[in-house]
Amino acid sequence: MPARRRITTADGQAALAAWRGGARDRATTATAVRFCLEEVAARAPGNSVEVRVPPFGVAQCVQGPRHTRGTPPNVIECDGATWLGLATGQLSWGQAVAAGQVAASGLRADLSDLLPL
């Protein structure tokens, strides 16, 4: 079952455009982050990787073994600005991991093939 969208494509793209244009207010950032989390879940449906972008949201994606309790075996975590940089192509996966901007644990915790969106 595909992830349910809560943010319309129009609202999400508008928030991304505003963020790219320099808007860094919490509402714009939150909408853009959540939209990109929904997008990665839609493009790579599954439950084997959990992408966390505190305090804005979390998404599960990538097909594979499903976890049911506790901390999942494949976790990616970063801040909102890093996630949006990755999603928009302003930052590469390799750069972000090397700089310590992304914490990625587990064999499947690599989104380099999915990003930028």
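This is a walk through one predicted model, from its helices to its core and then its loops. Residues are numbered from 1 along each chain as its sequence is written, and side-chain values use heavy atoms, with hydrogens and water left out. In this predicted model, local features need pLDDT of at least 70 and side-chain atom pairs count only at pLDDT 80 or more, while totals for chains, interfaces and linings use all residues.

Start with helix α1, residues 9-20. Helices here are DSSP runs of H or I with at least four residues, strands are E runs of at least two, and both are numbered from the N terminus. The expected span is 1.5 Å times one less than the number of residues. Which residues of α1 are buried? They are G12, A15, L16 and W19. Buried means under 20% relative accessible area, exposed means over 50%, and partly exposed lies in between, with a 1.4 Å probe and protein chains only. Seen down the axis of α1, the buried residues fall within an arc of 100 degrees, so they line one face of the helix. That arc is taken from the directions from the helix axis to the C-beta atoms. An α-helix has 3.6 residues a turn, so residues three or four places apart point the same way. The cover over the buried residues of α1 includes α2 and α3.

Just after α1 comes G22, with a positive phi of about 115 degrees. R24 lies over the face of W19, at 4.1 Å from the ring centre. The criterion is NZ of Lys or CZ of Arg within 6 Å of the ring centre and within 35 degrees of the ring normal.

Next is α2, residues 26-43. α2 has 18 residues and reaches 26 Å from first C-alpha to last, close to the 26 Å expected at 1.5 Å a residue. Its buried residues include T28, T29, F35, E38 and E39. They pack against α1, β1, β2 and α3. T29 is one to look at: its relative accessibility is 8%, so T29 counts as buried. Leaving out residues up to four places away in sequence, T29 touches W19, R24, F56 and L84. Contact means heavy atoms within 4.5 Å.

Helix α3 runs over residues 80-88. It is mostly covered, with 8 of its 9 residues buried. Those buried are G80, T82, W83, L84, G85, L86, A87 and T88. The cover over them includes α1, α2, β1 and α4. What does L84 meet beyond its neighbours within four places in sequence? L84 is in contact with L16, W19, T29, A32, V33 and C36.

Now the loops. Most residues other than glycine have a negative phi, and most peptide bonds are trans. A cis peptide bond joins P54 and P55, with omega about 0 degrees. P55 sits in the loop between β1 and β2. A cis bond also joins L115 and P116, again with omega about 0 degrees. P116 is in the segment after β4 (103-105). V62 lies in the loop between β2 and β3 (75-77). Its phi is near 70 degrees, a positive value in a residue other than glycine. V62 counts as buried because its relative accessibility is 18%.

The last stop is the loop between α3 and α4 (93-98), where G89 is found. Is G89 buried or partly exposed? G89 is partly exposed, because its relative accessible area is 41%. Q90 lies in this loop too. At 49% relative accessibility, Q90 counts as partly exposed. Neighbours within four places in sequence aside, Q90 is in contact with W19, R20 and G85.
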